[in-house]
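Dear colleague,

Please find below the structure that I am handing over to you. My findings follow it.

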Amino acid sequence: IKFIYYPDSTARTNALIAGDVQMIDFVGWEDFDRVEADKKLVLDAVPGPFVYMLFNTERAPFDNPKVRQAVAHAINRENVVAAAFYGHGTPLNGIPVSPGNDRFDPKMGELWTYDPDKARALLASAGVAKGLKVSLLTSSTYSFFRDMALSVQADLQAVGIEAELDAPDWPTYTASKNSGKYGLAVAGGAPSVTGPVYLQAYVVGAPASSFGSYGYNASDIVAHIQAGEALSNDAAARAEYMKAVDIIRDAVPFLPVAQRSQAFARSNTVEGFKNLPGFLSITGTGYMLEKTSIR
């Protein structure tokens, strides 16, 4: 197997279409339709990582859970999927957990609805005046981070929050996120894994966890998740997890927005390769190369 590195996703797709390579990884969402239109190619897409919002909970206004709830109801997730992923993804109105997991409850995915009027009412209840100004951290390195931030910015403006974009390169973005130099931040996570236990990484605040909202104390959420992990009965464990999810719904320690499609593309002469679903789309699919051949 020969691995060739291209500078961007469009260059990778062009190489595949031209026949210079037989397979590419991380197909750009803008190129899904190009690949599918070519009868000599196969697009192998699965649900991949999810994107979400973080809050600096150590300073106003996001130290107030009502303001975080307002953001949860202000964001039009369908627009985010369209803007950032060209429609190749799924809006998330709750916690991403695989429906095939024995401890999954459909209510985990039904926490927040798109409701600008409710968002405005929550802001008013929180005593936040119109014209609130906040910083929104994203990154210029990845176009989908930028496009997601632009979509969120428009939704927030519609409910009276003016979000000023801060879009540095990736190393600077990461340093700012981990040190709390933001009000709101766009983030991208690993895909949903086998069970709700993964939530511990996302609810624990930075700097203790690089995945979580800065300064958030998640001890009560983590206690319920760990209690569920200690139970062998799925129904009992599910009930314990739902106690954690109920807290997440009201406290909004982090805000899932959308789950993107993650794709490989290959020539139809390539056999035996399969993009693995869920978190394996990134961490495990490479092992399929052992079973791959060219007809």
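How many aromatic pairs does a search of the whole structure find? The search finds 21 aromatic pairs. Here, rings of Phe, Tyr and Trp (its six-membered ring) pair if their centres lie within 6.5 Å; planes under 30 degrees apart count as stacked, over 60 as edge-to-face and the rest as tilted.

Before the details, please note that this is a predicted model, in which local features need pLDDT of at least 70 and side-chain atom pairs count only at pLDDT 80 or more, while totals for chains, interfaces and linings use all residues. Residues are numbered from 1 along each chain as its sequence is written, and side-chain values use heavy atoms, with hydrogens and water left out.

**Aromatic rings**

A pair of aromatic rings is described by the distance of the centres and the angle of the planes. For Y142 and W170, the ring centres are 5.1 Å apart and the planes stand at 85°, so this pair is edge-to-face. Because Y142 lies in the loop between β4 (132–137) and α6 (143–158) and W170 in helix α7 (residues 170–179), the pair ties together parts that are 28 residues apart in sequence. Helices (H or I, at least four residues) and strands (E, at least two) are DSSP runs, numbered from the N terminus.

W170 also forms an edge-to-face pair with F145, at 5.3 Å centre to centre and 75° between the planes. F145 lies in helix α6 and W170 in helix α7, so this pair ties together parts that are 25 residues apart in sequence.

Are these residues buried or exposed? Buried means under 20% relative accessible area, exposed over 50%, and partly exposed in between (1.4 Å probe, protein chains only). Y142 is partly exposed at 36%, W170 is partly exposed at 30%, and F145 is buried at 2%. One aromatic cluster is formed by F26, W29, F85, Y142, F144, F145, W170 and Y173.

**Two helices**

The axes of helix α9 (residues 219–229) and helix α10 (residues 234–251) come within 7 Å and cross at roughly 165°; axes are lines fitted to C-alpha atoms, for helices over the stretch in contact, and angles run from 0 to 180 degrees between N-to-C directions. The angle makes α9 roughly antiparallel to α10 (under 35 degrees counts as roughly parallel, over 145 as roughly antiparallel, 65 to 115 as roughly perpendicular and the rest as oblique).

Yours sincerely
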